[in-house]
Amino acid sequence: MLSMKMKRFLGLITLLFITCTLSQAQEYQAKAVLDSNRILIGDQIHVDFTVTAPQNATFIVPTVTQEVLGASGIDLVSGSATDTTINGQMVSYHQQWTITAFDSGAYVFPSIPVLSADSQLLAQSQPLPFFVNTVAVDTTAAIRDITLPS
């Protein structure tokens, strides 16, 4: 039978292990932000994506490509290079994507996972909903030729 001191020791070790595991998971953060949540058909919006991690940490972020976004109806216009900022023991990696859509409706830019080298989830951004609206057309007005401004 375990003595009271041994039970306390095992309890302390277990608590320490859980605390270390949770603190490691909180060291990684992924954040994605849209610069607007409503656009007109064909307009472009930017997605700012930032991963914050400990210096010298190894992790994987899947590449955002048209193939990833294609099923959702979102078109990837461009993506920036990754910008790195060091702040003490943490490093922030920032990337910006320009996206658009050519049909009206509600869309969701998918969440982006941050994975460890053995494919465990370290952090994940939130999915980003946005709306694409049509341009109002006055169907009662007569059709006119396009003219140069005067």
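This is a predicted model: local features need pLDDT of at least 70, side-chain atom pairs count only at pLDDT 80 or more; totals for chains, interfaces and linings use all residues.
Let me begin with terms: helices, meaning H or I runs of at least four residues, and strands, meaning E runs of at least two, are DSSP runs numbered from the N terminus.

Residues are numbered from 1 along each chain as its sequence is written, and side-chain values use heavy atoms, with hydrogens and water left out.

Now to the chain as a whole. Of its 150 residues, 21% count as buried, where buried means under 20% relative accessible area, exposed over 50%, and partly exposed in between, with a 1.4 Å probe and protein chains only. If we take contact to mean heavy atoms within 4.5 Å, then among contacts in the chain with a separation of 6 or more, 62% are between residues 24 or more positions apart.

Let us turn to the strands, where two strands pair if DSSP finds at least two bridges between them. Strand E1, residues 29-34, has a covered face made of Ala30, Ala32 and Leu34, and an uncovered face made of Gln29, Lys31 and Val33. In a regular strand the side chains alternate between the two faces of the sheet. E1 pairs with strand E3, residues 44-54, in the antiparallel sense over six bridges, and Leu34 stands opposite Val47 in E3.

There is also an open sheet of three strands, in the order E2-E10-E7, with mixed pairing. Its edge strands are E2 (38-40) and E7 (105-109), each of which pairs on one side only. E7 and E10, residues 128-133, pair in the antiparallel sense over five bridges, and here Phe109 stands opposite Leu128 in E10.

Which residues have the most contacts inside the largest nonpolar core? A nonpolar core is a set of buried Ala, Val, Leu, Ile, Met, Phe, Trp, Tyr and Cys residues joined through side-chain atoms within 4.5 Å. The largest one has 25 residues, and those with the most contacts inside it are Leu34, Val47, Phe49, Ile74, Ile99, Phe109 and Phe130. The largest share of this core, five residues, comes from E3. Finally, leaving aside neighbours within four places in sequence, Phe130 is in contact with several residues, including Leu34, Ile74, Ile99 and Phe109.
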